[in-house]
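The following exercises concern one structure. Each gives a task and then a solution in steps.

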Amino acid sequence: MDVVVGLGVFEESVQALDRTIERARTADDSVTVAVLDVPTREQPLSTVVRRVREYLGDVDVPIDVRPLEGTPGPALVTFAEEGAFDQVVLANTKRTPMGKIQVSELTEFVLLNSQVTVILVR
Amino acid sequence: MTSNDRTADAESPPRFPRPPQSCTDREGRSIEIRAGFPRAALVSMYLDFDPESRAQGLPPATEDRIENWLDVLEEGINVVAWDVDPPADCWDDDDCAVGHACLLDCGDGTSELTIFVHQDYQLAGIGSRLIRTLLGAGQAGGIDHVWLTVERSNHVAMNLYRSVGFETTSAAGIEHEMETDI
């Protein structure tokens with residue numbers, strides 16, 4: 001299966017990334033990480049891309065890391081559909097201090113617009 | 001000076017009732033609302049909670065997750081509604097907690113609010129009493145800014161929050177954010 005992980009904020013996406021890699025090992029998935037241009041990010045896109053590549057440096061599964069410029073939701077949905085991916089993976093770990101699950105604008109857009117199956121990792 | 005010392009005028013939030021409170025709900029049941037954190041009774045209520053009444057993943061569905069979640073809420077200001085004369089088949093043999101509301105200090109001068117009423121006691125006026133009493137306990141505790149998130153489809157809850165002064169501050173996504181000064 002061809003899987004694309006949409007990565008906005010690195011720290012929030014590590015768990016989703018790890019789970020995707022773990023699955024790829026046993027299922028022989030092909031994994032692409034699409035690094036999204038999240039406007040609230042303090043670091044430029046290129047820095048996040050470098051960080052992801054460093055993180056994946058020791059991983060024994062080959063992973064393509066691609067920066068995606070433009071508004072994150074539409075950019076990811078278009079990339080997933082044009083690249084004929086089988087699955088989009090997004091981290092969905094955000095909660096309020098009280099523990100209420102929160103769905104980001106990016107997640108909502110992808111859920112509503114993606115023709116490709118979406119996996120939310122909690 | 002706490003917020004309740006302000007002189008009343010159109011700009012001031014109301015002074016909410018402090019716990020303990022007693023009332024009769026719309027079904028004629030005697031309800032008491034008290035401050036405190038009765039963990040065992042809360043676990044019983046949440047274990048019996050209807051999955052349909054869950055909101056944004058809360059309350060969690062399993063006992064260990066409920067316990068972990070209550071560890072967080074225990075740090076906040078908690079008020080609990082009790083059925084004074086519960087039915088024999090209540091979910092708890094000892095005390096029958098029927099509603100729970102909490103204000104949790106977020107460490108940034110704001111507090112997050114949450115409220116849950118057991119499905120057998122919903123739409124009976126208890127939530128309204130409970131949230132007012134929680135806000136009263138918050139005023140007594142020096143809290144002056146409260147916010148919450150609510151699913152945009154949960155009109156019952158949104159009307160409840162509006163009735164005590166909450167205004168929507170973010171309506172962009174699946175959840176709306178609402179806040180109020182007390």
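**Exercise 1. Aromatic pairs**

Are B:Y161 and B:F166 buried or exposed? In this predicted model, both B:Y161 and B:F166 are buried.

Task: Classify the ring pairs B:W69 with B:F116 and B:Y161 with B:F166, given the centre distances and plane angles.

Solution. 
- Step 1. A pair of aromatic rings is described by the distance of the centres and the angle of the planes. Over all chains, the whole structure holds nine aromatic pairs.
- Step 2. For B:W69 and B:F116, the ring centres are 5.7 Å apart and the planes stand at 85 degrees, so this pair is edge-to-face. The cut-offs are centres within 6.5 Å and, for edge-to-face, planes over 60 degrees apart.
- Step 3. B:W69 belongs to helix α2 (residues 63-73) of chain B and B:F116 to strand β5 (residues 111-117) of chain B, so the pair ties together parts 47 residues apart in sequence. Both B:W69 and B:F116 are buried.
- Step 4. For B:Y161 and B:F166, the centres are 5.9 Å apart and the planes are at 65 degrees, so this pair is also edge-to-face.
- Step 5. One aromatic cluster is formed by B:Y46, B:F49, B:W69 and B:F116.

**Exercise 2. A charged residue at the interface**

Task: Describe the surroundings of A:E108 and identify the salt bridge in which its side chain takes part.

Solution. 
- Step 1. A:E108 sits in helix α4 (residues 105-113) of chain A.
- Step 2. The relative accessible area of A:E108 is 10%. Buried means under 20%, so A:E108 is buried.
- Step 3. Apart from neighbours within four places in sequence, A:E108 touches A:V103, B:R152, B:A172, B:G173 and B:I174.
- Step 4. The side chains of A:E108 and B:R152 form a salt bridge, with 3.3 Å from N to O. The count of salt bridges between chain A and chain B is one.

**Exercise 3. The interface as a whole**

Task: State the extent of the interface between chain A and chain B and the make-up of the side of chain A.

Solution. 
- Step 1. Nine residues of chain A contact 19 residues of chain B.
- Step 2. The size of an interface is often given as the accessible area lost when the parts come together. Between chain A and chain B, about 1300 Å² is buried, and carbon and sulfur atoms give 57% of that area.
- Step 3. A:P97, A:M98 and A:K100 supply 56% of the area that chain A buries against chain B, more than any other three residues.
- Step 4. Eight residue pairs are in polar contact across this interface (both at pLDDT 80 or more). On the side of chain A that touches chain B, four residues are nonpolar, three are polar and two are charged.

**Exercise 4. Backbone angles**

Solution. 
- Step 1. Most residues other than glycine have a negative phi, and most peptide bonds are trans.
- Step 2. B:P59 lies in the loop between α1 (39-47) and α2 of chain B.
- Step 3. B:Q56 is buried, at 9% relative accessible area.

Definitions and conventions
Residues numbered from 1 in each chain as written. Chains lettered and ligands numbered in written order. Predicted model: local features only at pLDDT ≥ 70, side-chain atom pairs only at ≥ 80, totals over all residues. Heavy atoms only, no water. Phe/Tyr/Trp six-rings, centres within 6.5 Å; stacked < 30°, edge-to-face > 60°. Helix = DSSP H or I, 4+ residues; strand = E, 2+ residues; numbered from the N terminus. Buried < 20%, exposed > 50% of the residue type's maximum accessible area, 1.4 Å probe, protein only. Contact = heavy atoms within 4.5 Å. Buried area = accessible area lost by both parts, 1.4 Å probe. Salt bridge = Lys/Arg side-chain N within 4 Å of Asp/Glu carboxyl O. Polar contact = N/O pair within 3.5 Å; in protein donor to acceptor, adjacent residues only side chain to side chain. Nonpolar A, V, L, I, M, F, W, Y, C, P; charged D, E, K, R; others polar.
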